[in-house]
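This report walks through a two-chain model, one region at a time. Please keep the structure in view while reading.

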Amino acid sequence: MKAAVVVFPGINRERDMMRALHVVSGTAPIPVWHADKELPDVDLIVIPGGFSYGDYLRCGAIAARSPIMGDVVAKANEGRLVLGICNGFQILTESGLLPGALMRNRNLNFICRDVHLRVENNRTPFSSAYAKGQVIRCPVAHHDGNYFADAETIARLEGEGRVVYRYCDETGAVTEAANVNGSINSIAGILNERGNVLGMMPHPENLIEQLQGGDDGRGVFESLVGALAA
Amino acid sequence: MKARVTITLKNGVLDPQGKAIEGALGALGFSGVGEVRQGKIIDLELAESDRDAAMKTIDEMCRKLLANTVIENYSIDIV
């Protein structure tokens, strides 16, 4: 699996992401600087988490307009796989590759802890290593993860199985108490219409081996390896 | 030419910061405050001297960067 990890100023999760990709796929990913205009020839483009441009204006707003994003959008439109985690998810919504927006958390706090996710759709390149309905543990670390979209968009996402990950409690129950940031319908991760772009707020790259306290997040990367080997 | 762009959240978009301000005003004893909504103001200095051309350019700036029209409305005032 050949992967590129796009690095913007202010991003801080790129090393964790590169390590997770390397450990799970066996191939070191290629870091790409935001000022570059062209991506290398890769199967997967990853936009990691952090605070690109200090979250100025809106989270991900400036990064979404940086030079490399033209090629990210072009490759996404060709069907290349794109994964955005946390700030990467925000950048993907700001760039128009994913619908909706990530608003300030409902309780206004920066939230940094483990949450549970329910795998709502495992027929995607980003979730096929899990069972449908499987409950996984995953860390979150964000201030603006409150997913919002208009009612029509939400209905489409739900109807088309494009809500891939949803916040839940440890038993898999989707409750308001388990909705960590106030996202509509407890949405944690969504897919674009074509099914090749996924954005999610939680950080699966931080839970890929027992040294990190668990490996529930590994499935995201195993799914990608499987999808690209097929 | 100077212009001011005012960006507000669309109706129906949850504004947790506005809610927090609302609660804090109540805690300070200001009664009778209804809903509070928070927005932002961006002041621009432009070389352009033609008003219509400036409006057109700023409108494009708003759509491309300054506002996220999924969640925000914007208005432009030439000052």
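The model is a predicted one. Setting aside neighbours within four places in sequence, A:Asn206 is in contact with A:Arg13, A:Asp16, A:Pro139 and A:Gln212. A:Asn206 sits in the loop between β11 (197-200) and α5 (218-229) of chain A. Its relative accessibility is 14%, so A:Asn206 counts as buried.

## A:His203, in the loop between β11 and α5

A:His203 also belongs to the loop between β11 and α5 of chain A. Is A:His203 buried or exposed? A:His203 counts as buried because its relative accessibility is 1%. Residues up to four places away in sequence aside, A:His203 touches A:Arg13, A:Gly49, A:Ile85, A:Cys86, A:Cys138, A:Pro139, A:Val140 and A:Ala141.

The side chain of A:His203 makes a polar contact with that of A:Glu205, at 2.7 Å. A:His203 and A:Asp16 are 187 residues apart in sequence. Their C-alpha atoms are 9.6 Å apart in space.

A:Tyr53 is not a glycine, yet its phi is positive, at about 50°. A:Tyr53 lies in the loop between β3 (44-47) and α2 (68-78) of chain A. At 23% relative accessibility, A:Tyr53 is classed as partly exposed.

A:Leu57 is found in the loop between β3 and α2 of chain A as well. Its phi is near 70°, again a positive value in a residue other than glycine. A:Leu57 counts as partly exposed, with 27% relative accessibility.

## Salt bridges within the chains

Side chains of opposite charge can pair when their charged atoms come close. Over all chains, the whole structure holds 22 salt bridges. One of them joins A:Glu209 and A:Arg19, with the closest N and O atoms 2.5 Å apart. A:Glu209 lies in the loop between β11 and α5 of chain A, and A:Arg19 in helix α1 (residues 14-25) of chain A, so this pair ties together parts that are 190 residues apart in sequence. A:Arg19 is partly exposed, with a relative accessible area of 41%.

A:Asp41 and A:Arg80 form a salt bridge too, with the closest N and O atoms 3.4 Å apart. What does this pair tie together? A:Asp41 is in the loop between β2 (30-33) and β3 of chain A, while A:Arg80 is in the loop between α2 and β4 (81-85) of chain A, so the linked parts are 39 residues apart in sequence. A:Asp41 is exposed, at 55% relative accessible area.

In chain B, B:Asp59 forms a salt bridge with B:Arg63, and the closest N and O atoms are 3.1 Å apart. The two residues are four apart in helix α2 of chain B, so about one helical turn separates them. B:Asp59 counts as partly exposed at 26% relative accessibility, and B:Arg63 does at 48%.

## Chain B overall

Chain B has two helices and three strands. Along the sequence the pattern is β-α-β-α-β. The C-alpha trace of chain B spans about 45 × 25 × 15 Å along its principal axes.

Of the 79 residues in chain B, 28% are buried. Take the contacts in chain B between residues at least 6 apart in sequence: 67% of them join residues at least 24 apart.

## Where the chains meet

At the interface, 17 residues of chain B are in contact with 14 residues of chain A. The two chains bury about 1200 Å² between them, 67% of it on carbon and sulfur atoms. Which three residues supply more of chain B's buried area than any other three? They are B:Pro16, B:Leu65 and B:Asn68, with 35% of the area that chain B buries against chain A.

Five residue pairs are in polar contact across the interface. α1 (16-27), β2 (40-45) and α2 (51-66) of chain B each supply at least two residues of the side that touches chain A. By class, that side has 11 nonpolar, three polar and three charged residues.

The count between chain B and chain A is one salt bridge. The side chains of B:Glu72 and A:Arg58 meet in a salt bridge, at 3.7 Å from N to O.

Technical notes: Residues numbered from 1 in each chain as written. Chains lettered and ligands numbered in written order. Predicted model: local features only at pLDDT ≥ 70, side-chain atom pairs only at ≥ 80, totals over all residues. Heavy atoms only, no water. Contact = heavy atoms within 4.5 Å. Buried area = accessible area lost by both parts, 1.4 Å probe. Salt bridge = Lys/Arg side-chain N within 4 Å of Asp/Glu carboxyl O. Polar contact = N/O pair within 3.5 Å; in protein donor to acceptor, adjacent residues only side chain to side chain. Nonpolar A, V, L, I, M, F, W, Y, C, P; charged D, E, K, R; others polar. Buried < 20%, exposed > 50% of the residue type's maximum accessible area, 1.4 Å probe, protein only.
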